[in-house]
Amino acid sequence: MSDTVLVLNAGSSSIKFGLFDVAAAEPALLCKGLLDEHEAKPRLVVKGPTGEDLFETSNQAPAAAGDHLFADVLAFIEDRFGGRSLRAVGHRIVHGGPDYSGPEVLTDDIIAKLEALTPLAPLHQPRCLAPVRNLAAIRPELTQIACFDTAFHHGLAPPASRFAIPRRFAARGVRRYGFHGLSFEYVAGRLAEIAPELAAKRTIIAHLGNGASLCALRDGRSIDTTMGLTPLDGLVMGTRCGAIDPGVLLYLQQHENMSIEDVQHLLYHESGLFGVSGLSADMRTLLASCEAAAREAVDLFTFRAAQQVAMMAATLGGLDCLIFTGGIGEHAKEIRGAIGERLGWMGVRIDAAANDAARERINGSGSMVEVFVIPTNEEIMIARHCAALI
Ligand SMILES: Nc1ncnc2c1ncn2[C@@H]1O[C@H](COP(=O)(O)OP(=O)(O)O)[C@@H](O)[C@H]1O
Ligand SMILES: CC(=O)OP(=O)(O)O
Ligand SMILES: [Mg+2]
């Protein structure tokens, strides 16, 4: 009877899960699923390793969808894979705070500590921790493991980690943490397999999804990243503003009569591509639109992405390798092309045919920078961490 690990990945725009057989050194996917909350009746869809449909249900009430999901998923797993033993549930936890450089078995104390970080990731932390509480209530005997987005950046040091405010705040944890670490870790590992000669080189990974951030890597380790204390900083995102003059926040409170809660809602839910376009947070919708505000939102997205690639390149002292990943990075050739174009002065050349086909390597001949498209896989990264821990 082989052992399995269930992985839950609650992102800002989706909840994904995967069941992995962890008998061998590399976890093997048994089934994967997605809770799509965008429709009136959220749907749970479960597919096999090669994408074949296994199971679908859509009769949950929206508010309680997340709660039902885990009971439904466990029931499905029992039914389908009941001959195997579920050893642990691994969770993507977005904020791990200052203490965690790797995965942790969750205890009540740790869960409470992570809940206290909710103000630093209000869009994500409650969504990641709800299933933890839920499973602890219905299956208290199950081992639950937290895998943190922040852990990969644990080695960040000043000046990259520091904000230019009085240093007593750094001692209280007000510093750059960085996120999307499971994605960066997976992609860095793939780069080492695909092009081992580049693994130690000056590399930037652009994780462009609903949330988006850049990571500067040297010797495969994070030395700088665009997200900060919270997942608000850096790039323009689906509904988040990215880097902004902090004076804007003071102005909104002082002169627009907005409360702290109003400002928080504005920056996390109403800004970014959605706020600038006035149309949608979804890059697909914006790319298909001919409205001027939609085009401007897309333009701002690539403008700021290119600016911040140059910023990360300054940390690295140059650039050898640029990798696109995440929903937009993997699927939107227009965005990769436009960012590449803006970085032409740095010697980036993208081959149009390779980019259109989303080949693994998309730089043109004569490019000073190797450019890749590497699909991310946060779920298998979590499964690997869990397998190593149990
Ligand atoms: N074919 C596509 N073309 C352009 N954008 C896409 C495409 N497919 C997905 N996306 C974008 O990817 C985003 C979701 O990215 P993803 O990394 O899956 O999200 P999350 O951050 O929730 O994990 C969507 O909001 C959409 O804008
Ligand atoms: C940290 C973060 O922004 O995650 P996501 O891309 O899933 O929203
Ligand atoms: Mg994501």
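By class, the residues around ligand 2 comprise 3 nonpolar, 7 polar and 1 charged, where Ala, Val, Leu, Ile, Met, Phe, Trp, Tyr, Cys and Pro count as nonpolar, Asp, Glu, Lys and Arg as charged, and the others, Gly among them, as polar. The model is predicted: local features need pLDDT of at least 70, side-chain atom pairs count only at pLDDT 80 or more, and totals for chains, interfaces and linings use all residues. Residues are numbered from 1 along each chain as its sequence is written, while chains are lettered from A and ligands numbered from 1 in the order in which they are written.

The shell of ligand 2 consists of Gly11, Ser12, Val94, His124, Asp149, Phe179, His180, Gly209, Asn210, Gly211 and Pro231; a residue counts as near a molecule if its C-beta atom, placed from the backbone, lies within 6 Å of it. Domain 1 (3-148) and domain 2 (196-373) each supply at least three residues to this shell, their bounds coming from an automatic or database domain assignment.

The centres of the two domains, taken over C-alpha atoms, are separated by 27 Å. Across the boundary, 9 residues of domain 1 are in contact with 8 residues of domain 2, contact being defined by C-beta atoms, placed from the backbone, within 7 Å. The side of domain 1 that touches domain 2 has 5 nonpolar, 4 polar and no charged residues.

Strands here are DSSP runs (E, at least two residues), as are helices (H or I, at least four), numbered from the N terminus; two strands pair if DSSP finds at least two bridges between them.

Asn9 lies in strand E1. An unreviewed UniProt entry annotates Asn9 and Glu378 as "binding site"; such annotations, given in the numbering used here with shortened feature names, may be inferred rather than shown by experiment. The annotated residues span 370 residues in sequence, yet no two of their C-alpha atoms are more than 7.6 Å apart, so they gather at one spot.

Terms used
Contact = placed C-beta atoms within 7 Å.
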